[in-house]
Amino acid sequence: MLDIKSLSIGFSSYSFGLKKHTVLAIRSLDLSVSKKEVLAVVGQSGAGKSLLAHALLGILPRNASLSGDLTFKGKKLTPKDMALLRGREIALIPQSMTYLNPLLKVGVQIARAAELSGVSPKASWKATLEALRRYRLEEKIARRFPFQLSGGMARRILTATATIGKADLILADEPTNGLDQATAGETLGHLRGLADAGKAVLLITHDIEAALSIADRVTVFCGGVTVEEARASDFNGSGKLRHPYSRALWDALPGRGFVKSLPARSPISSSGGCPFIFFCEKSTPLCEGSLPGIKNLNQGCVRCHHA
Amino acid sequence: MIMKNTLILFCLKKILRLMLLMAAVATFSYVLVSFSPVNPVDAYLGTAILKVSPEQREIIAKRWGLDQPPVERFFNWASQLIQGNFGLSTIFNEPVLSVIGKRFVTSFWLMFLAWTLSGIFGFVLGVLSGTFENSVLDKSISLYAYTMASTPTFWVGMVLLTVFSIQLGWTPVCCAWPVGLSPEQATLGQRVHHLVLPAFTLSLIGIAQITLHTREKTIEAMNSDYAAFARAQGEKDLGIAFRHALRNVLLPAVTLQFASIGELFGGAVLAEQVFSYPGLGKTTVEAGYRGDVPLLLGIVIFSTLFVFAGNTMADLIYQAVDPRIRKTGGLI
Ligand SMILES: Nc1ncnc2c1ncn2[C@@H]1O[C@H](COP(=O)(O)OP(=O)(O)OP(=O)(O)O)[C@@H](O)[C@H]1O
Ligand SMILES: [Mg+2]
């Protein structure tokens, strides 16, 4: 369904109003997801997860530049295609409540998303109420403004908005943040259901354990680089993980026993080397000098000189 | 019930604030006027000053109460003011309130027309400019707005007067109705004809501020998260502008428009001067020149009330329109 090869995103800014320079926020992302599949994307804050989702829809800020090969349904994905596909074939569940218009009732916002995705204006209100019901929101919620919602309600509204159409690829940016366990489970179950029905789901999340419950595969981002792609079953503590960063993420989960210090946030790579270099026990001058290529290993991939 | 109580509280607070403001303005302007180098008697007499003996001058001064100490005069004036007596205008020989009333009606149509025109056009231009940021349209609108924002009203007035009244002869050179007629004799058409150019001048300038403000807000809205999400759903630029940005921009624009009533007043003084338009603005200048203290103080107090009303309306509209405030019933 979707195939991304060495995607990089830079932001240009002007220092002292004159000199233009570009900062790379994403250096090299590689991932693919096919239909009937849920791919979890994990990584710390600032790893570039949201940017990836926004890049696929062509809604990055204007000063962003993008390079790399994007393929959607076997065709190259150009900015022009994105403008045509978004909403209809690719849908986004955004990360926070600020993505709702503060002065528009949420029902109106959902109904408009339905219309844009191809539902007839007449049927859109019915579809809206159905979508609310699916996420166990009462009908009267439709007439509320975003500021009248709890964080969890807003999150479910965002999910309902994005899943109301017939999009084949769903980019879910932390759809379970701030939900209690039962409600989070329902949302994830629904996403799994969409995948089983033939769609592809990209599940961006901090919560590795929750992601593992529905994901087929897991991609690990670190500092704007894909460092590993593993099967969900590899995350079981039996040493199947291929990259030291993935192992550190896994070990840092509560209840794992290991209290190993992870960097406070995903380090942004300034040099050309491996993004995990400052925290890796195995780092050598080679790691400092060049970004490792992607290697296939045990039915997964890894980007490490020592793997 | 809660709603009603907060409304009453809101009004009480506003009234209290207004009274304090009035007291401060009255005192302050009285002090300023009493320091004025213009001697009211001299100003009243004008050229007749040579024919008047010192004894006669003293009689005038005594009749006006100028022989009493300033503090006593202030309290006399203030106590009359509280009873609603603003005194007699010396230059018009008429009660101050009736002068203000007549002149204000003339000014009102000028200000109202300019205010409405600049509000509507400024908002539309600002939204267009912000939606198509960096386009040729945006650049031309911004250029216009920045130029107008830094141009003095009287200068624009003189240029327009030269072009439209003197060279093209489309509009009259002065006044609010044809010279030689009394206001009652002038037809509506004649009055409108006299109103067009001053109103146009005022709005041409007024447009600038609301355009620039609306443009900023529109750009902000077009780059907001909710605009990005709408775009992700397949909404086009114009759709985002009309369905999403507009309602977020309208609210601050309306507030600004009502709050700008004060500046409108200032602009009217200059425009009326240039066009010899006999409104409140021109009267203010005359009262100042000719030492008509009661009239001048009356106008100051009246304009305070006027500006205060504008600001209060801005507050009220904000509260009535913004659902975030309305639903919680939170009147400040
Ligand atoms: N408009 C921008 N200009 C410059 N840098 C940006 C911009 N937006 C994002 N970045 C940078 O890109 C990096 C990736 O950001 P992104 O929002 O994708 O993180 P994330 O992985 O989604 O984190 P989180 O889990 O906190 O949501 C960050 O380091 C951020 O500073
Ligand atoms: Mg994010």
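Which residues does Glu229(A) touch, not counting residues up to four places away in sequence? The legends below, which describe a predicted model, take up this question in the first view.

**View 1. Contacts of Glu229(A).** Leaving aside residues up to four places away in sequence, Glu229(A) touches Leu31(A), Arg217(A), Val218(A), Thr219(A), Arg242(A), Gly300(A) and Cys301(A). With one of these residues, Arg217(A), the contact is polar and runs from side chain to side chain, at 2.2 Å.

**View 2. Glu229(A) within its strand.** Glu229(A) belongs to strand β10 of chain A, which comprises residues 225-231, and its C-alpha atom is separated by 5.7 Å from that of Val218(A), a residue 11 places away along the chain. Glu229(A) counts as buried because its relative accessible area is 14%, which falls under the cut-off of 20%.

**View 3. The shell around ligand 1.** Ligand 1 is surrounded by 16 residues, of which the closest are Ser45(A), Gly46(A), Lys49(A), Ser50(A) and Gln95(A). Sorted by class, this shell holds six nonpolar, seven polar and three charged residues, and its largest share, three residues, is supplied by helix α1 of chain A, which covers residues 49-57.

**View 4. Polar atoms facing oxygen atoms of ligand 1.** In the side chain of Ser45(A), a polar atom lies 2.4 Å from an oxygen atom of ligand 1, while an N or O atom in the side chain of Ser50(A) is 2.7 Å from an oxygen atom of the ligand. For Ala47(A) it is a backbone N or O atom that lies 3.2 Å from an oxygen atom of ligand 1. Of the 650 Å² of accessible area that ligand 1 has on its own, the protein covers 68%.

How values were computed:
Residues are numbered from 1 along each chain as its sequence is written. Chains are lettered from A and ligands numbered from 1 in the order in which they are written. This is a predicted model: local features need pLDDT of at least 70, side-chain atom pairs count only at pLDDT 80 or more; totals for chains, interfaces and linings use all residues. Side-chain values use heavy atoms; hydrogens and water are left out. A residue is near a molecule or strand if one of its heavy atoms lies within 4 Å of it. A polar contact is a pair of N or O atoms within 3.5 Å; within protein, one must be able to donate a hydrogen and the other to accept it, and residues adjacent in sequence count only if both atoms are side-chain atoms. Accessible areas come from the Shrake-Rupley method with a 1.4 Å probe; for residues, only the protein chains shown count as cover. Helices (H or I, at least four residues) and strands (E, at least two) are DSSP runs, numbered from the N terminus. Ala, Val, Leu, Ile, Met, Phe, Trp, Tyr, Cys and Pro count as nonpolar, Asp, Glu, Lys and Arg as charged, and the others, Gly among them, as polar. Buried means under 20% relative accessible area, exposed over 50%, partly exposed in between (1.4 Å probe, protein chains only). Contact means heavy atoms within 4.5 Å.
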